[in-house]
Structure formats: C-alpha cells, structure tokens
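This briefing goes through one protein chain by topic. Please keep the sequence and the model in view while reading.

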Amino acid sequence: MKFIILILFGLSFNLIFACECETKLVKGQTIEETKLEESFNHATIIFYAEFLENRTFRIIKIFRQDSNLVNSNKLSLTPELTICDDTFELKTKYLVFGRVDEYGKLKTSYCYSNKQILNKSDLKFINKYLKK
C-alpha cells in the first residue's frame with residue numbers, strides 16, 4: 001500500500017511541476033514545426049554559439065537581434081530559476097532563441113526551440129524562417 005501511495009505521489013509531483021509551453025497546434029504542422037515557428041516569431045535574438053563555462057555563450061553568428069544590445073562575441077545566460085530553464089552542455093554548439101534584457105543578459109527557456117548543432121549544414125533550414 002505504501003508503495004502505491006509513493007508512486008502516486010511521484011506521478012503527481014511531475015505533473016504539478018512540469019514545464020508548460022503555450023504552443024497552439026497549426027493544422028498541417030507537427031508540434032515541433034509549430035514550436036520552431038513560434039520561437040522565430042517571439043525571440044528578440046537568434047544566434048549560433050558554443051556554450052562555455054559560467055553560463056556564457058561564445059557567439060559564432062547572430063541571425064537576428066532587435067537592437068544592438070549584443071556588442072561582443074560573448075553573451076551570458078541569465079537563468080529564470082524555474083522548471084522551464086533550458087540546459088546546455090559545455091563545449092557544445094547550439095542554435096539559441098531568446099530575449100536580451102536592457103543589461104545585456106540572455107533569457108531563454110525550454111519553450112524555445114533551442115537546438116544542438118552538430119555541423120554547420122544543420123543550420124540551412126534557418127533561412128526559410130528568417131525570410132518570413
């Protein structure tokens with residue numbers, strides 16, 4: 001009996017504290033395609049970078065930014081300290097969607113379509129969305 005109660009508690013804990021993204025399905029698209037399109041529409045900065053120590057990205061290429069808040073080749077990630085914070089592996093390259101605040105700090109989350117990039121050919125799809 002204790003085992004069943006423990007399992008039910010564990011399942012309810014995951015449901016209560018799960019990250020919930022507000023992605024509305026678009027007819028004819030998968031959830032991943034819709035999430036990617038929403039990421040392009042809502043991000044104020046989109047860039048390709050390597051994740052370094054101290055929650056910092058070394059920017060390789062900026063695809064879009066709404067202002068000139070990024071004036072160096074490094075950008076620090078500011079965690080929101082929520083269950084929706086995205087995780088990144090050190091020394092790994094990513095396509096990152098996010099928002100940069102007035103202090104030059106990057107905010108991103110699991111709800112954006114941040115994507116690990118294994119080689120530059122993985123970035124070819126981006127032009128399709130940038131032209132919209």
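Predicted model: local features only at pLDDT ≥ 70, side-chain atom pairs only at ≥ 80, totals over all residues.

Which backbone nitrogen lies 2.8 Å from a polar atom of the side chain of Asn114? The backbone nitrogen of Phe97 does.

**Overall layout**

- The chain has three helices and six strands, and from the N terminus on their order is α-α-β-β-β-β-β-β-α.
- The chain counts 132 residues, and 32% of them are buried.
- Among contacts between residues at least 6 apart in sequence, 55% join residues that are at least 24 apart.

- Asn114 sits in the loop between strand 5 (106–107) and strand 6 (115–116).
- Asn114 has a relative accessible area of 17%; the cut-off for buried is under 20%, so Asn114 counts as buried.
- The side chain of Asn114 makes a polar contact of 2.9 Å with the side chain of Asp86.
- A polar atom of the Asn114 side chain also lies 2.8 Å from the backbone nitrogen of Phe97.
- Neighbours within four places in sequence aside, the residues in contact with Asn114 are Asp86, Phe88, Leu95, Val96, Phe97, Thr108 and Ser109.

**Aromatic rings**

- There are six aromatic pairs in the structure.
- One of these is the pair of Phe51 and Phe88, which is tilted, with 5.4 Å from centre to centre and 35 degrees between the planes.
- This pair links distant parts of the chain: Phe51 belongs to strand 1 (residues 45–52), while Phe88 is in the loop between strand 3 (74–76) and strand 4 (92–100), 37 residues apart.
- Phe51 is buried, at 5% relative accessibility.
- Phe88 is buried as well, with a relative accessible area of 13%.
- Phe88 also pairs with Phe57: the ring centres are 5.1 Å apart and the planes stand at 85 degrees. Edge-to-face applies to planes over 60 degrees apart, so this pair is edge-to-face.
- Because Phe57 is in strand 2 (residues 56–65) and Phe88 is in the loop between strand 3 and strand 4, their pair ties together parts that are 31 residues apart in sequence.
- Phe57, like Phe88, is buried.
- Through ring pairs, Phe47, Phe51, Phe57, Phe88 and Tyr94 are linked into a cluster.
- Elsewhere, Lys35 lies over the face of the Tyr110 ring, 4.5 Å from the ring centre.

**Pocket and cavity**

- The volume of the largest pocket is about 240 Å³.
- The largest pocket is lined by 14 residues, of which Glu38, His42, Ser109, Cys111 and Tyr112 are the closest to its centre.
- Which element gives the most to the lining of the largest pocket? Helix 2 (residues 31–42) does, with four residues.
- One cavity of 30 Å³ or more is found in a search of the whole structure.
- The largest cavity holds about 30 Å³ of space.
- The residues that line the largest cavity are Arg55, Leu77, Thr78, Pro79, Asp85, Asp86 and Thr108.
- Asp86 and Thr108, which are part of that lining, are also among the residues in contact with Asn114.

How values were computed:
Residues numbered from 1 in each chain as written. Heavy atoms only, no water. Phe/Tyr/Trp six-rings, centres within 6.5 Å; stacked < 30°, edge-to-face > 60°. Helix = DSSP H or I, 4+ residues; strand = E, 2+ residues; numbered from the N terminus. Buried < 20%, exposed > 50% of the residue type's maximum accessible area, 1.4 Å probe, protein only. Lys NZ or Arg CZ within 6 Å of the ring centre and 35° of its normal. Polar contact = N/O pair within 3.5 Å; in protein donor to acceptor, adjacent residues only side chain to side chain. Contact = heavy atoms within 4.5 Å. 1 Å grid on protein atoms, 1.4 Å probe; cavity = no way out; pocket = protein on both sides within 12 Å on 5 of 7 lines; lining within 4 Å. Points joined across faces, edges and corners; volume = space filled by probe spheres on them.
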